[in-house]
Amino acid sequence: MTPTKNEWTIDELARNAGTTTRNIRSYQTKGILPPPRMVGRVGYYSEGHLARLKYTAGLQERGFSLAAIGCLLSAWEEGRSLQDVLGFEEALTAPWSDELPEHFSRQQLDQMFPETVEDQTLVKRACNLGLLQPDGEGFLASSPRVIRNGAELVAVGMPLSLALDEYERLSQDLTVVAERFVAMFEDFVWEPFVQRGWPIDELPAVTEALQRLRPAASTSVHAVFAQVMADAVAASSARQVARLMTVAEASGS
């Protein structure tokens, strides 16, 4: 049986997870990472393995030891199948966007944002905001769409400094929104699950709730923003028409 497109060798898995093959083998020895699917003498790792590596890294960042992580995962696995545990890990660590990072040369950025030619601090500020990060002789953008949207704003006449201000404010506003969605999940799904003693047979339901939250949150933000933008544009149009009528009346008098 040949590997599927979503399976990797240990070297490929290490690159995708940002770790080393030595760490992967160590996690397998400690029981944190299940063994790969063997095809002949070659082991192939799935998205579930990648999710578990990301989940483990996240728990380590929050102060969990490898021993504690191993005990947690072992306890879950004893009460439920590995597929359910990996499914939860994958849902928890899955990216919220399918957008891939893109490299921009300095020449490209100068063409998209002419102000950067004279004012080098604008590029530095974009890096400080996390929009860009130095990458060789150019820059890597984690969200190329945001960069191109910024170029559109600049193309219609908005100063780049103002566009960066707006990105910073938007990030702050949406951080508040994101934290509210996370709090709702924690309060009404996760905390009741924990208070009931982490019943493993309920883990698939928690996973499903997490999976349903993702599109619900994204769609809600998009739909509400479209509505309030329509209201704001309508109000602006009414103000502009009123101004034109006032000017016309003044000219006719």
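Thr56 sits in helix H3, which spans residues 47-61; helices here are DSSP runs of H or I with at least four residues, and strands are runs of E with at least two, numbered from the N terminus. The model is a predicted one, in which local features need pLDDT of at least 70 and side-chain atom pairs count only at pLDDT 80 or more, while totals for chains, interfaces and linings use all residues. Residues are numbered from 1 along each chain as its sequence is written, and side-chain values use heavy atoms, without hydrogens and water.

With a relative accessible area of 1%, Thr56 is buried (under 20%, 1.4 Å probe, protein chains only). Beyond its neighbours within four places in sequence, Thr56 is in contact with Tyr27, Ile32, Leu66 and Ile69 (heavy atoms within 4.5 Å).

Turning to the strands, three of them form an open antiparallel sheet in the order E3-E5-E4, where pairing requires at least two DSSP bridges. E3 (102-104) and E4 (133-135) each have a single partner strand, so one side of each is left without a neighbour in the sheet. E4 is joined to E5 (residues 138-141) by three bridges, and Asp135 has Gly138 as its bridge partner in E5. Helix H9 (residues 144-155) lies across E3 and E5, at about 40° to E3.

Helices H8 (residues 121-128) and H10 (residues 160-195) pack at an angle of about 10°, their axes 11 Å apart (axes are lines fitted to C-alpha atoms over the stretch in contact, with angles from 0 to 180 degrees between N-to-C directions). H8 and H10 are therefore roughly parallel (under 35 degrees). Leu122, Arg125 and Ala126 of H8 meet Leu160, Ser161, Leu164, Asp165 and Glu168 of H10.

Note on methods
Buried < 20%, exposed > 50% of the residue type's maximum accessible area, 1.4 Å probe, protein only. Parallel < 35°, antiparallel > 145°, perpendicular 65-115°, else oblique.
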